[in-house]
Amino acid sequence: MTFAIFLEQVINGIIIGSMYALIGSGIALIYGTMRVLNLAHGEFYMLGGYFIFFLAVTYGVPSWLAIPVAVFATFILGVLIQRLTIHYLLEKEGWLFSTIAVTLGLSIFLQNAALLMFGEQFQSVPYYIDGMVEIGSIRLPLQRLLIFVVAVITIAAMTFILKKTRLGWAIRATSQDRDAAAVVGIPAHRIYLITFGIAGALGAIAAAMLAPIYAINPWSGLPILLKGFVVVILGGLGSFPGAIVGGLFLGVVEAIGVQLTSSEWRDVIAFALMIAVIWWRPWGLFGKKPS
Amino acid sequence: MPDTAMLQVRDLNVLYGDYQVLWDVSMEVGQGEVVAVLGPNGSGKSTVLKAIMGLAPVKSGAVMFEGKDLTKVPTHEMVGLGISMVLERRRLFSQMTVRENVLLGAYHRSVNKETKSRLEWVENMFPILAERRDQVAGRMSGGEQQMVAIARSLMSKPRLLLMDEPYLGLAPRIVKQIADMIKRVNQEGITVIFNEQNVQLSFGLSDRGYLLEGGRVVLSGTGDEMIHSDVIRRVYLGA
């Protein structure tokens, strides 16, 4: 492998990894604030993809408008799903297991609902921008560059929200101590709703950016969910910055691994990495060892 | 006993699942008082404070605060009524800084606009908060964390402050500092209810106390009355 190819793979890895990061950070936000493992997270990605497809392809809405609308629709969907399912379970005993069972059920339900409504054919969305950039010996499609730019903007915006806004402080406080947050006047239930919505929106952003590259179908959320889990395990479950670093790391390791072997090995590499991390550092590569 | 009670707990029963922790607990707290809730481990004294704040499952009974039944108010609205709490073992937002913790004390809309003046007030009262403002709360000592926790609870301009085991796990020297803080809080006109296992320690601070045993109030009165009571000896020494 020449250095140019190596570098190109690293760049591709970072680009795909930035999307893994968005998926993983959604799972991490939900787990961090409500300790719920959202097994229906891939369906946010899948439905977000369909929203984009219908808006941009079927109805011909320009992509600069279609993407924000689809992201907002997925936000609302996330809020509704939380309010109609998780909300009730968190009040009851055994929520740790019941939320896993319910999100798994939701995942199956949404996949089959999508199959009934949208059919089993694979859909795709045309590139948002055509053309290539050449930097030295590296050629990069503008579409891929756009993915990365959107990821950077999204992560920067999320960091800003979490660090600088009233909502972000409330989310962080709730995730660190729910009772203490309630005592200072933070309504945990409202924070949970918004967090679920935000996580859905992050999934939809990833879906929008990957729709021109990977086909949309009723099952397209599942592999993404699994990648999201690898990311949060790498980054330490429940950590937003951990998920970002974990996503980028996974993307790069996959890309280089695929270059060294072949593309069938992509998932093998990802899960081998996950198993290794669970074995050696169960609190995550970037998480803190529990004392 | 106060003439007009600020807080009245009436026949409070609390159950965790099938396990009853409080049995018909009643108490009254007057404006400006410092009241101790006493009892050995597992007597339910923590649960009394949690139940007032809406953090324990109340099965029956009422908690009247200035004519309003608190059992129907969600925890996150308590600060709006003028009630704040220092939770057991401080419970700071451990990954956030001292300043962030203190500022979050004024999160509620009822005081949010006054954040700046409240911050000046508590930092003036406890200068260590300004000195340590950028330190991550979880890395402070127990005593320092307790001060931050008290400061956070004062940000919401409470008229009633509940303190769940404020001395727990602290060295004797620090206990004295915290006791002084509580006195200053009370001098500001804030009513304080706290719980503590050590009876001697409590009556350096409180006007009156209630003694719990097995989830029931078995004795109440002023410090002198209680310290010399046979009931105290029985509950604590089993004699």
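**A walk through chains A and B**

B:Leu38 stands opposite B:Leu211 in strand 9 of chain B. Strands here are DSSP runs of E with at least two residues, helices are runs of H or I with at least four, and both are numbered from the N terminus. The model is predicted, so local features need pLDDT of at least 70, side-chain atom pairs count only at pLDDT 80 or more, and totals for chains, interfaces and linings use all residues. Residues are numbered from 1 along each chain as its sequence is written, with chains lettered from A and ligands numbered from 1 in the order in which they are written.

Strand 3 (residues 34-38) and strand 9 (residues 208-213) of chain B run parallel, joined by four bridges. They belong to an open, mixed sheet of six strands in chain B, ordered 6-7-8-3-9-10. Strands pair if DSSP finds at least two bridges between them. Strand 6 (83-86) and strand 10 (216-222) of chain B each have a single partner strand, so one side of each lacks a neighbour in the sheet.

Now the core. The largest nonpolar core has 160 residues. Such a core is a set of buried Ala, Val, Leu, Ile, Met, Phe, Trp, Tyr and Cys residues joined through C-beta atoms within 7 Å. Buried means that 20 or more other C-beta atoms lie within 10 Å of the residue's own, with C-beta atoms placed from the backbone. A:Met19 and A:Ala21 are among the residues with the most contacts inside this core. Helix 8 (residues 188-210) of chain A gives the largest share, 15 residues.

Last, the chains meet. 14 residues of chain A are in contact (C-beta atoms, placed from the backbone, within 7 Å) with 20 residues of chain B. Helix 6 of chain A gives the most to its side, with five residues.

How values were computed:
Two residues are in contact if their C-beta atoms, placed from the backbone, lie within 7 Å. A residue is buried if 20 or more other C-beta atoms lie within 10 Å of its own, exposed if 12 or fewer, and partly exposed in between; C-beta atoms are placed from the backbone.
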